[in-house]
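Subject: Structure for your attention, with notes

Dear colleague,

I am handing over the structure below, and my notes on it follow. Please read them with the model open beside you.

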Amino acid sequence: MSDSVVSMSTSAQTSADTDVSPGAGTVTDRLVQANARYADRFGEPGMDARPVLDVAVVACMDARLDLHAALGLELGDCHTIRNAGGVVTDDVIRSLTISRRALGTRSVILIHHTNCGLESITEEFRQELEHEVGQHPVRAVEAYTDAAQDVRQSMQRVRTSPFLLHTDDVRGFVFDVTTGLLREILPAS
Ligand SMILES: [Zn+2]
């Protein structure tokens, strides 16, 4: 807390014993400084790479979604796989396959959320990108307007992947960014 107090004072009295005053430098500089403080308090957790709860969570990268707090997760509990939208892409299948086959996870939880940035993106985004860059984007944008429907599609992709056979526990949710509540989405029958 004292750091934020320092950053709010004037910069005139910058002390020589501080390499970079808080608030100065890039965002990355701030994060690296925070890591030094984190490491000071860090104790070796004595865990291996297998998640304690044998679960992998696939979620949107959205900054409002604090997965550990929202799901009551502790360090070491789960694998967390995040991308724009929390969409099950080929690369998510790759991560889930490693999670399942090499590191023993049994359950998969898929989380989309309300007011996702992807909802405002259309296929025009892809066309604009191609026009500007002069190259066809390699990957689909995977934009969607109905989060629940996309959760169903994502569940289906996990359930039907030949690399994830016997991944029987797959459940999908939409997280409400205004209430913090998860709403479960039932798979397409
Ligand atoms: Zn999102």
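Val174 stands opposite Arg183 of β5, while Gly172 has Ile185 of β5 as its bridge partner. Six residues lie between the two strands of this hairpin, and Gly180 there takes a positive phi near 80°.

Before going further, please note that this is a predicted model, in which local features need pLDDT of at least 70 and side-chain atom pairs count only at pLDDT 80 or more, whereas totals for chains, interfaces and linings use all residues. Residues are numbered from 1 along each chain as its sequence is written.

On confidence, the protein chain averages a pLDDT (the predictor's confidence in each residue, from 0 to 100) of 85, and 86% of the residues score at least 70. Over residues 1-18, however, the pLDDT is below 50, and this stretch has seven contacts in the model beyond near neighbours in sequence, a contact being two residues whose C-beta atoms, placed from the backbone, lie within 7 Å. Where pLDDT is low, the predicted coordinates should not be read in detail.

As to the overall layout, the protein chain holds six helices and five strands, and from the N terminus on its elements run α-α-β-α-β-α-β-α-α-β-β. Of the contacts in the protein chain with a separation of 6 or more, 64% are accounted for by residues 24 or more positions apart. Buried residues make up 22% of the 189 residues; here a residue is buried if 20 or more other C-beta atoms lie within 10 Å of its own, exposed if 12 or fewer, and partly exposed in between, with C-beta atoms placed from the backbone.

The five strands form an open sheet in the order β2-β1-β3-β4-β5, with mixed pairing. The edge strands are β2 (78-83) and β5, each of which pairs on one side only, and the twist averages 25° from one strand to the next. Helix α6 (residues 147-160) packs on this sheet, touching β3, β4 and β5, and its direction makes about 160° with that of β4; axes are lines fitted to C-alpha atoms, for helices over the stretch in contact, and angles run from 0 to 180 degrees between N-to-C directions.

Within β4, Phe175 counts as buried because 25 C-beta neighbours lie inside 10 Å. Leaving aside neighbours within four places in sequence, Phe175 is in contact with Leu65, Ala70, Ile111, His113 and Leu182. Of these, Leu65 is 110 residues away from Phe175 along the chain, yet their C-alpha atoms are separated by 8.0 Å.

Helix α4 (residues 90-101) lies across β1, β2 and β3, running at about 175° to β2. Its 12 residues reach 16 Å from the first C-alpha to the last, close to the 16 Å expected at 1.5 Å a residue, where the expected span is 1.5 Å times one less than the number of residues. The buried residues of α4 are Val92, Leu96, Ser99 and Arg100; seen down the axis of α4, they fall within an arc of 90° and so line one face of the helix, the arc being that of the directions from the helix axis to the C-beta atoms. What covers them includes β1, β2, β3 and α6, whereas Asp90, Asp91, Arg94 and Arg101, on the other side of α4, are exposed.

Asp54, in the loop between α2 (27-41) and β1 (55-60), has a positive phi near 50° and is partly exposed, with 17 other C-beta atoms within 10 Å. Asn115, in the loop between β3 (107-113) and α5 (123-133), has a positive phi near 55° and is exposed, with 12 other C-beta atoms within 10 Å.

Conventions
Helices (H or I, at least four residues) and strands (E, at least two) are DSSP runs, numbered from the N terminus. Two strands pair if DSSP finds at least two bridges between them.
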